Amino acid sequence: MTKAELYGFLAGHTLGVVGSISAEGAPQSALVGIAVTEDLEIVFDTLNTTRKYKNLTSNPKACLVVGWEGEKTVQFEGEAFLPVGEELKRYKNVYFSAWPDGVSRQDWPGLVYFVVRPRWIRFSDFDQRPPLIEEMVFEV
């Protein structure tokens with residue numbers, strides 16, 4: 001699978017489950033609305049009162065699962081950060097292209113945008129026999 005094909009798969013989905021780890025080491029997961037950049041970065045918004053916000057600002061390691069129609073999925077591991085300034089504007093534009101109603105939420109108190117940069121991605125397609133399973137590793 002090429003990077004462009006993987007982008008196409010991710011861009012075809014607007015929901016993903018993000019996982020994070022609390023300061024006490026407890027796992028936490030949440031369904032979030034996502035968008036993806038051509039560099040395979042995943043963008044999502046959340047409130048600064050959520051567990052995922054607290055977890056990811058303390059420990060940026062994050063994972064996501066995207067896609068569950070049929071048996072095609074992406075497992076995604078990476079590092080999350082809160083973009084600022086011009087970088088934030090660029091990521092918001094990516095997010096708003098997938099979630100146009102996100103523009104109206106910008107005035108919500110405590111709304112933030114996370115970006116997760118990929119470190120490891122596995123695409124699995126068990127709808128075919130034999131199954132297709134491909135991994136990509138990204139340099140830190």
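Over which ring does the charged end of Arg 105 sit? The ring is that of Trp 108, and the charged end of Arg 105 is 5.9 Å from its centre. The model described here is predicted.

## Charges over rings

## Aromatic pairs

Seven aromatic pairs are present in the structure. One of them joins Phe 9 and Phe 123; the ring centres are 5.2 Å apart and the planes stand at 80 degrees, so this pair is edge-to-face. Because Phe 9 belongs to helix 1 and Phe 123 to strand 7 (residues 111–125), the pair ties together parts that lie 114 residues apart in sequence. Phe 9 and Phe 123 are both buried.

Tyr 95 and Phe 96 also form an edge-to-face pair, since their planes are at 70 degrees, with 6.2 Å between the ring centres. Tyr 95 has a relative accessible area of 1% and is buried. Phe 96 is buried as well, with a relative accessible area of 14%. Elsewhere, one aromatic cluster is formed by Phe 44, Tyr 53 and Phe 114.

His 13 is in the loop that runs between helix 1 (3–11) and strand 1 (15–21). Its relative accessibility is 13%, so His 13 counts as buried, the cut-off being under 20%.

Leaving aside residues up to four places away in sequence, His 13 touches Ile 34, Val 66, Gly 67 and Glu 69. With Glu 69, the side chain of His 13 makes a side-chain polar contact of 2.8 Å.

Methods. Residues are numbered from 1 along each chain as its sequence is written. Side-chain values use heavy atoms; hydrogens and water are left out. Helices (H or I, at least four residues) and strands (E, at least two) are DSSP runs, numbered from the N terminus. Buried means under 20% relative accessible area, exposed over 50%, partly exposed in between (1.4 Å probe, protein chains only). A polar contact is a pair of N or O atoms within 3.5 Å; within protein, one must be able to donate a hydrogen and the other to accept it, and residues adjacent in sequence count only if both atoms are side-chain atoms. Contact means heavy atoms within 4.5 Å. Rings of Phe, Tyr and Trp (its six-membered ring) pair if their centres lie within 6.5 Å; planes under 30 degrees apart count as stacked, over 60 as edge-to-face and the rest as tilted. A charge sits over a ring if NZ of Lys or CZ of Arg is within 6 Å of the ring centre and within 35 degrees of the ring normal.
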